[in-house]
Amino acid sequence: MAGAAAEPLFAARDLVKHYRLGRVRVPALRGVSLDVSAGELLAVVGPSGSGKTTLLNLLGTLDEPDGGTLRFAGDELAGLSDRRRTELRRRRLGFVFQTFNLVPVLSALENVEYPLWIAGVGRRERRRRAGEALDAVGLAARSRHRPDQLSGGERQRVALARALVHEPAAVLADEPTGNLDSVTGGEILDLLVRLNRERGTTFLVATHDPEVMRRAGRRLTLRDGRVAADGSVP
Ligand code: ADP
Ligand code: MG
């Protein structure tokens, strides 16, 4: 186990990704390398189309690179079977999206329970843990509400609770404040920062929000599918 603690959570080398549009190949990432240590709060910034979403999707094992290598907690992802990758994604990663992606017919509590249900956790345990997660995002009083009975900020809190309920090593958030006004976005950001500090959960946040950039510990700037800058935020 020597050196295991120093192993980055994510280690990406020369990641390349193209999309195919008919016969056209659209380059999205042209050789991106980065290490992310456990406990970091990393803002991924850059103009629209620079590759932020593509990078998060690769790191989150939602998509596969066309070139380069990617290790998660020391494991080479390309070497894992689809089943192991899915398991890793469900157990060790959480996701937050700009559009919340909640299940409309489920209550807040049921939405948060959902990942635990997928993981085969029993009903009582599910209820308890989902209740705790809603409590952690300040939404215990709304647990029976459906998404359409909640404000945007409340919906994003539910999504955050859902991303955290299985205590993942890392949460990947793609423009999590993009659909919220600045005050509500600021509250979501306060939560991210607090959860990062208190639980040591790693957060990778793709964002245009200057406030997120300011408060993240580190900022990775993409431009045209390449890393233009990578450094700690002063
Ligand atoms: P960002 O999140 O920074 O806006 P993306 O990762 O979404 O950037 O996109 C990077 C590049 O890949 C852009 O040129 C975009 O148009 C292209 N792209 C993204 N998704 C697709 C797709 N599904 N099909 C074709 N091209 C895509
Ligand atoms: Mg994007």
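A: Happy to; here is a walk around the site of ligand 1. Keep in mind that this is a predicted model.

Let's start with the shell. The residues around ligand 1 include a run of Pro47, Ser48, Gly49, Ser50, Gly51, Lys52, Thr53 and Thr54. Tyr19, Leu21, Val26 and Ala28 are also part of that shell.

Next, the secondary structure. Strand 1 (10–21), strand 2 (24–36) and helix 1 (52–59) each bring at least two residues to the shell. Of the elements that contribute, helix 1 gives the most, with three residues.

Now for the polar contacts. A polar side-chain atom of Thr54 sits 2.5 Å from an oxygen atom of ligand 1. For Lys52, an N or O atom in the side chain is 2.8 Å from an oxygen atom of the ligand. With Ser50 the backbone takes part: one of its polar backbone atoms is 3.2 Å from an oxygen atom of ligand 1. As for cover, ligand 1 taken alone exposes 550 Å², and the protein buries 65% of that.

So much for the contacts; a word on the pockets of the protein. The largest pocket has a volume of about 410 Å³, and Arg90, Leu93, Phe95, Pro115 and Arg162 are the lining residues nearest its centre. Strand 6 (93–97) provides the largest share of that lining, four residues.

Notes
Residues numbered from 1 in each chain as written. Chains lettered and ligands numbered in written order. Predicted model: local features only at pLDDT ≥ 70, side-chain atom pairs only at ≥ 80, totals over all residues. Heavy atoms only, no water. Near = heavy atom within 4 Å. Polar contact = N/O pair within 3.5 Å; in protein donor to acceptor, adjacent residues only side chain to side chain. Areas by Shrake-Rupley, 256 points an atom, 1.4 Å probe, with all protein chains shown as cover. 1 Å grid on protein atoms, 1.4 Å probe; cavity = no way out; pocket = protein on both sides within 12 Å on 5 of 7 lines; lining within 4 Å. Points joined across faces, edges and corners; volume = space filled by probe spheres on them.
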